[in-house]
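These are my notebook entries on one chain.

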Amino acid sequence: MSNILCVYHSRTGKTRQAMTAIAEELDAELVELTDGLDRQGKLKVVPACFDAVRKSTRPLEPFRTARPITEYDLVIIGTPIWAGRCSPVIREFLKKYGSDLRWSAYVLTRSSHQRYEEVCRQMDQYTAAPHLQWVSLQVGEAGEAFWRAEFIRQLRGIVYAG
Ligand SMILES: Cc1cc2nc3c(=O)[nH]c(=O)nc-3n(C[C@H](O)[C@H](O)[C@H](O)COP(=O)(O)O)c2cc1C
(Lines give C-alpha, C1' and ligand atoms only; values in the text may rest on other atoms or scores of the structure.)
Protein backbone atom coordinates (compact mmCIF):
# COMPACT_ATOMS: atom_id res chain seq x y z
CA MET A 1 0.00 0.00 0.00
CA SER A 2 1.20 3.52 -0.79
CA ASN A 3 1.66 6.14 1.90
CA ILE A 4 -1.40 8.04 0.67
CA LEU A 5 -4.61 8.60 2.61
CA CYS A 6 -7.90 9.38 0.85
CA VAL A 7 -10.59 10.93 3.06
CA TYR A 8 -13.99 12.05 1.88
CA HIS A 9 -17.50 13.04 2.81
CA SER A 10 -20.41 11.90 0.69
CA ARG A 11 -24.13 12.46 1.16
CA THR A 12 -25.46 10.58 -1.86
CA GLY A 13 -22.52 8.39 -2.87
CA LYS A 14 -20.95 10.33 -5.76
CA THR A 15 -17.86 11.51 -3.92
CA ARG A 16 -17.54 8.01 -2.44
CA GLN A 17 -17.61 6.56 -5.97
CA ALA A 18 -14.92 8.93 -7.24
CA MET A 19 -12.71 8.52 -4.17
CA THR A 20 -13.00 4.73 -4.23
CA ALA A 21 -11.74 4.69 -7.82
CA ILE A 22 -8.89 7.10 -7.00
CA ALA A 23 -7.83 5.13 -3.90
CA GLU A 24 -7.81 1.88 -5.89
CA GLU A 25 -5.64 3.41 -8.63
CA LEU A 26 -3.16 4.82 -6.12
CA ASP A 27 -3.29 1.80 -3.77
CA ALA A 28 -4.21 4.26 -1.03
CA GLU A 29 -6.07 3.96 2.26
CA LEU A 30 -9.69 5.13 2.03
CA VAL A 31 -11.65 6.61 4.94
CA GLU A 32 -15.17 8.05 4.96
CA LEU A 33 -15.85 10.99 7.28
CA THR A 34 -19.16 11.96 8.85
CA ASP A 35 -20.39 14.23 11.60
CA GLY A 36 -23.26 11.88 12.34
CA LEU A 37 -25.94 14.35 11.20
CA ASP A 38 -28.69 12.82 9.05
CA ARG A 39 -28.80 14.96 5.88
CA GLN A 40 -30.76 12.54 3.71
CA GLY A 41 -33.84 13.73 1.86
CA LYS A 42 -34.81 16.89 0.00
CA LEU A 43 -35.94 18.71 3.15
CA LYS A 44 -32.38 18.60 4.49
CA VAL A 45 -30.81 20.29 1.46
CA VAL A 46 -31.62 23.88 2.47
CA PRO A 47 -30.30 23.52 6.05
CA ALA A 48 -27.21 21.83 4.59
CA CYS A 49 -26.65 24.85 2.32
CA PHE A 50 -27.01 27.19 5.30
CA ASP A 51 -24.42 25.20 7.25
CA ALA A 52 -22.03 25.36 4.31
CA VAL A 53 -22.50 29.11 3.79
CA ARG A 54 -22.22 29.93 7.50
CA LYS A 55 -19.17 27.66 7.72
CA SER A 56 -20.76 26.00 10.74
CA THR A 57 -19.39 22.58 11.55
CA ARG A 58 -19.93 19.79 14.07
CA PRO A 59 -17.38 17.42 15.57
CA LEU A 60 -16.55 14.43 13.37
CA GLU A 61 -17.56 10.94 14.32
CA PRO A 62 -14.44 8.99 15.38
CA PHE A 63 -12.57 7.45 12.45
CA ARG A 64 -9.51 5.26 12.17
CA THR A 65 -6.46 5.58 9.97
CA ALA A 66 -3.59 3.10 9.84
CA ARG A 67 -1.06 5.80 10.78
CA PRO A 68 -1.26 9.21 12.46
CA ILE A 69 -2.37 11.81 9.87
CA THR A 70 1.02 13.57 10.10
CA GLU A 71 2.80 10.49 8.73
CA TYR A 72 1.11 10.33 5.32
CA ASP A 73 3.07 11.70 2.38
CA LEU A 74 -0.15 12.86 0.79
CA VAL A 75 -3.76 13.23 1.95
CA ILE A 76 -6.37 13.43 -0.82
CA ILE A 77 -9.56 15.12 0.38
CA GLY A 78 -12.85 14.50 -1.43
CA THR A 79 -15.81 16.82 -0.91
CA PRO A 80 -19.13 17.48 -2.60
CA ILE A 81 -19.68 21.14 -3.45
CA TRP A 82 -22.37 22.60 -1.23
CA ALA A 83 -23.53 26.14 -2.06
CA GLY A 84 -20.17 26.88 -3.67
CA ARG A 85 -18.20 25.63 -0.69
CA CYS A 86 -16.72 22.43 0.70
CA SER A 87 -19.09 20.40 2.86
CA PRO A 88 -19.16 21.17 6.61
CA VAL A 89 -17.77 17.69 7.36
CA ILE A 90 -14.68 18.40 5.25
CA ARG A 91 -14.36 21.89 6.72
CA GLU A 92 -14.31 20.31 10.19
CA PHE A 93 -11.64 17.83 9.05
CA LEU A 94 -9.55 20.71 7.69
CA LYS A 95 -10.01 22.80 10.84
CA LYS A 96 -8.82 19.91 12.98
CA TYR A 97 -6.11 18.34 10.83
CA GLY A 98 -5.30 20.83 8.05
CA SER A 99 -2.18 22.15 9.75
CA ASP A 100 -0.94 18.56 10.24
CA LEU A 101 -1.02 17.64 6.56
CA ARG A 102 2.32 17.29 4.81
CA TRP A 103 0.84 17.50 1.32
CA SER A 104 -2.76 17.60 0.17
CA ALA A 105 -4.80 17.28 -3.03
CA TYR A 106 -8.50 17.96 -3.52
CA VAL A 107 -11.30 16.13 -5.30
CA LEU A 108 -14.42 18.27 -5.71
CA THR A 109 -17.67 16.75 -6.96
CA ARG A 110 -20.50 18.92 -8.24
CA SER A 111 -23.67 18.86 -10.30
CA SER A 112 -23.24 22.12 -12.24
CA HIS A 113 -20.82 23.00 -15.04
CA GLN A 114 -18.83 25.35 -12.80
CA ARG A 115 -15.46 23.93 -11.66
CA TYR A 116 -15.21 25.79 -8.31
CA GLU A 117 -11.44 26.37 -8.26
CA GLU A 118 -12.05 29.03 -5.58
CA VAL A 119 -13.13 26.25 -3.20
CA CYS A 120 -9.54 24.96 -3.30
CA ARG A 121 -8.31 28.36 -2.12
CA GLN A 122 -10.93 28.32 0.67
CA MET A 123 -9.70 24.87 1.74
CA ASP A 124 -6.06 25.97 1.60
CA GLN A 125 -6.78 28.48 4.36
CA TYR A 126 -6.72 25.56 6.80
CA THR A 127 -3.66 23.70 5.51
CA ALA A 128 0.02 24.15 6.26
CA ALA A 129 0.88 24.23 2.53
CA PRO A 130 -1.22 24.89 -0.58
CA HIS A 131 -2.69 21.81 -2.29
CA LEU A 132 -0.49 20.02 -4.82
CA GLN A 133 -3.24 19.14 -7.27
CA TRP A 134 -7.01 19.26 -7.64
CA VAL A 135 -9.79 17.98 -9.83
CA SER A 136 -13.44 18.89 -10.16
CA LEU A 137 -15.73 16.06 -11.29
CA GLN A 138 -19.31 15.63 -12.37
CA VAL A 139 -19.62 12.03 -11.24
CA GLY A 140 -21.36 9.82 -13.78
CA GLU A 141 -21.13 12.44 -16.55
CA ALA A 142 -19.08 12.36 -19.75
CA GLY A 143 -15.49 13.35 -19.04
CA GLU A 144 -15.41 12.12 -15.45
CA ALA A 145 -13.16 9.12 -16.16
CA PHE A 146 -10.82 11.26 -18.29
CA TRP A 147 -10.37 13.99 -15.66
CA ARG A 148 -10.00 11.43 -12.88
CA ALA A 149 -7.28 9.61 -14.82
CA GLU A 150 -5.56 12.91 -15.57
CA PHE A 151 -5.61 13.85 -11.87
CA ILE A 152 -4.05 10.49 -10.96
CA ARG A 153 -1.41 10.80 -13.69
CA GLN A 154 -0.40 14.29 -12.51
CA LEU A 155 -0.34 13.25 -8.86
CA ARG A 156 1.84 10.23 -9.63
CA GLY A 157 4.22 12.57 -11.46
CA ILE A 158 4.48 14.83 -8.38
CA VAL A 159 4.60 12.15 -5.67
CA TYR A 160 6.98 9.74 -7.37
CA ALA A 161 9.25 12.46 -8.76
CA GLY A 162 9.83 13.90 -5.27
C1 LIG B 1 -26.70 21.02 0.14
C2 LIG B 1 -26.22 20.85 -1.27
C3 LIG B 1 -25.68 21.93 -1.95
C4 LIG B 1 -25.18 21.79 -3.25
N5 LIG B 1 -24.61 22.86 -3.86
C6 LIG B 1 -24.06 22.71 -5.09
C7 LIG B 1 -23.43 23.82 -5.74
O8 LIG B 1 -23.35 24.93 -5.23
N9 LIG B 1 -22.90 23.61 -6.98
C10 LIG B 1 -22.96 22.40 -7.60
O11 LIG B 1 -22.45 22.26 -8.72
N12 LIG B 1 -23.53 21.32 -7.00
C13 LIG B 1 -24.07 21.45 -5.76
N14 LIG B 1 -24.66 20.37 -5.15
C15 LIG B 1 -24.61 19.07 -5.80
C16 LIG B 1 -23.49 18.18 -5.23
O17 LIG B 1 -22.30 18.90 -5.05
C18 LIG B 1 -23.17 17.01 -6.18
O19 LIG B 1 -24.32 16.31 -6.53
C20 LIG B 1 -22.16 16.08 -5.52
O21 LIG B 1 -21.51 15.29 -6.51
C22 LIG B 1 -22.83 15.16 -4.51
O23 LIG B 1 -21.85 14.36 -3.91
P24 LIG B 1 -22.25 13.18 -2.89
O25 LIG B 1 -23.15 12.23 -3.65
O26 LIG B 1 -20.94 12.55 -2.56
O27 LIG B 1 -22.93 13.78 -1.72
C28 LIG B 1 -25.21 20.51 -3.88
C29 LIG B 1 -25.78 19.42 -3.20
C30 LIG B 1 -26.29 19.60 -1.91
C31 LIG B 1 -26.88 18.41 -1.19
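**Entry 1. Asp 27.** I began with Asp 27, which I found in the loop between helix 1 (14-26) and strand 2 (29-32). I take helices (H or I, at least four residues) and strands (E, at least two) as DSSP runs, numbered from the N terminus. Residue numbers start from 1 along each chain as its sequence is written. The model is predicted, and I read local features only at pLDDT of at least 70 and side-chain atom pairs only at pLDDT 80 or more, whereas totals for chains, interfaces and linings use all residues.

I looked up the backbone of Asp 27 and noted a positive phi of about 55°, although this residue is not a glycine. Most residues other than glycine have a negative phi. Asp 27 counts as exposed because it has 10 C-beta neighbours inside 10 Å.

Entry 2. I then turned to Tyr 116, in the loop between strand 4 (104-109) and helix 4 (117-124). Its phi is also positive, near 65°, in a residue other than glycine. Tyr 116 has 19 other C-beta atoms within 10 Å and is therefore partly exposed.

Arg 115 sits in the loop between strand 4 and helix 4. I noted 17 C-beta neighbours inside 10 Å, so Arg 115 counts as partly exposed. Its C-alpha atom is 9.2 Å from that of Gln 138, 23 residues apart along the chain.

**Entry 3. Overall fold.** How many helices and strands does the chain have? I recorded five helices and five strands. From the N terminus on, the order of elements is β-α-β-α-β-α-β-α-β-α. The radius of gyration is 15 Å, close to the 15 Å that the globule rule gives for 162 residues, so the chain is as compact as a globular protein of that length. I take this radius over C-alpha atoms, and the rule is 2.2 Å times the number of residues to the power 0.38.

The C-alpha trace spans about 45 × 35 × 25 Å along its principal axes. Of the 162 residues, 35% are buried. Among contacts with a separation of 6 or more, 77% join residues 24 or more positions apart; I count a contact when two C-beta atoms, placed from the backbone, lie within 7 Å.

**Entry 4. Ligand shell.** Which residues come nearest to the ligand? Of the 21 residues around the ligand, I noted Ser 10, Lys 14, Thr 15, Pro 80 and Ser 112 as the nearest. A residue belongs here if its C-beta atom, placed from the backbone, lies within 6 Å of the molecule. Helix 1 and helix 2 (45-54) each give at least two residues to this shell.

By type, I sorted the shell into eight nonpolar, nine polar and four charged residues. Here Ala, Val, Leu, Ile, Met, Phe, Trp, Tyr, Cys and Pro count as nonpolar, Asp, Glu, Lys and Arg as charged, and the others, Gly among them, as polar.

**Entry 5. Helix 4.** I listed Val 119, Cys 120 and Met 123 as the buried residues of helix 4. Seen down the helix axis, they fall within an arc of 105°, so they line one face of helix 4; the arc is that of the directions from the axis to the C-beta atoms. Glu 117, Glu 118 and Arg 121 are exposed on the other side. The cover over the buried residues includes helix 3 (88-97), strand 4 and strand 5 (133-137).

**Entry 6. Nonpolar core.** I define a nonpolar core as a set of buried Ala, Val, Leu, Ile, Met, Phe, Trp, Tyr and Cys residues joined through C-beta atoms within 7 Å. In the largest one, of 38 residues, Cys 6, Val 75, Ile 76, Tyr 106 and Val 107 touch the most other members. The largest share of this core, five residues, comes from strand 1. Beyond four places in sequence, Val 75 touches Leu 5, Val 7, Ile 69, Leu 101 and Ser 104.

**Entry 7. Arg 91.** Is Arg 91 buried or exposed? I found Arg 91 in helix 3, and it is buried because 24 other C-beta atoms lie within 10 Å. Leaving aside neighbours within four places in sequence, Arg 91 is in contact with Lys 55, Thr 57 and Cys 86. Arg 91 and Thr 57 are 7.0 Å apart, C-alpha to C-alpha, and 34 residues apart in sequence.

Notes:
A residue is buried if 20 or more other C-beta atoms lie within 10 Å of its own, exposed if 12 or fewer, and partly exposed in between; C-beta atoms are placed from the backbone.
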